[in-house]
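Subject: Structure handover

Hello,

Here is the structure I promised to pass on. My notes on it follow below.

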Amino acid sequence: MSIAQTAILATALRPRSSERVAKPTTTTISESIAQRPIQWLIVAGTVIYFGGKFIKSIVPTGENLRKEEAETSTSAENPWSYKAFLSGNKIPAGTNLLTAAKAYEQAKKVYDALNTYFTDNADMVVGVFAALPSKVQVAQVVQAFDTYYKRDILQYMQEGKKTFDFGTGGISDVLYNRIIENVKRKPKF
């Protein structure tokens, strides 16, 4: 069939302009929504989804603020910044402190739990910090980790060993934030 024959056939099959149904034109948004609800739901859903993602990336949430505070604050109230914490606080007599060997043992547990090739033992990391009763002991473990492994423990918990990354590479953000919140609630001494 040639192009000319196809064109003649198409005009024969197409309804005449007098036979076509006239589509009503919309004059307001409410009429448009009433006539095409599915299209408007798709548009509204898309705007809400991407708008929410955009706003979430710009506006800091409480979880992100606490996480950032733990990572950057060098105050005497932050046990993750062990130098300021241990030197800035007068530790009362009778406070239950860890020996250097015990602090190293806990730091080694954290290191070994994430020093793997294929799977990380995130529960071990959470357990180490859950078992410590006070912020001063957390600071001692952080100090031991920094002394022996020459690494920041917060960064190590997020990244892990990273020699080969087979889907490992530290603990999840949920567990990381859980540890930060758990330590924040502990008493100072």
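A polar contact is a pair of N or O atoms within 3.5 Å; within protein, one of them must be able to donate a hydrogen and the other to accept it, and residues adjacent in sequence count only if both atoms are side-chain atoms. With that in mind, the side chain of Thr95 reaches the backbone oxygen of Pro92 at 2.6 Å.

Before the rest, some background. This is a predicted model, in which local features need pLDDT of at least 70 and side-chain atom pairs count only at pLDDT 80 or more, while totals for chains, interfaces and linings use all residues. Residues are numbered from 1 along each chain as its sequence is written, and side-chain values use heavy atoms, with hydrogens and water left out.

Thr95
Thr95 sits in the loop between helix H5 (82–88) and H6; helices are DSSP runs (H or I, at least four residues), numbered from the N terminus. Thr95 is buried, at a relative accessible area of 19%. Here buried means under 20% relative accessible area, exposed over 50%, and partly exposed in between (1.4 Å probe, protein chains only). Leaving aside residues up to four places away in sequence, Thr95 touches Val136 and Phe189, where contact means heavy atoms within 4.5 Å.

Helix H7
In H7 (residues 122–131), the buried residues include Ala122, Val125, Val126, Val128 and Phe129. They cover an arc of only 155° around the axis, so they are on the same side of H7; the arc is that of the directions from the helix axis to the C-beta atoms. Asp123 and Ala131, on the other side of H7, are exposed. Among the elements covering the buried residues of H7 are helix H6 (100–114), helix H8 (135–149), helix H9 (153–159) and helix H10 (173–185).

The nonpolar patch
Ile29, Ile33, Trp40, Val43 and Val47 make a nonpolar surface patch of about 460 Å². Accessible areas come from the Shrake-Rupley method with a 1.4 Å probe. Helix H2 (29–35) and helix H3 (37–58) each supply at least two residues of the patch, and the largest share, three residues, comes from H3. Val47 lies in H3 and is exposed, with a relative accessible area of 56%.

Lys150
Most residues other than glycine have a negative phi. Lys150 is not a glycine, yet has a positive phi of about 55°. Lys150 is in the loop between H8 and H9 and counts as exposed, at 66% relative accessibility.

Regards

Terms used. Patch = residues over 30% accessible without salt bridge, like charges linked within 9 Å, V, L, I, M, F, W, Y side chains within 5 Å. Salt bridge = Lys/Arg side-chain N within 4 Å of Asp/Glu carboxyl O.
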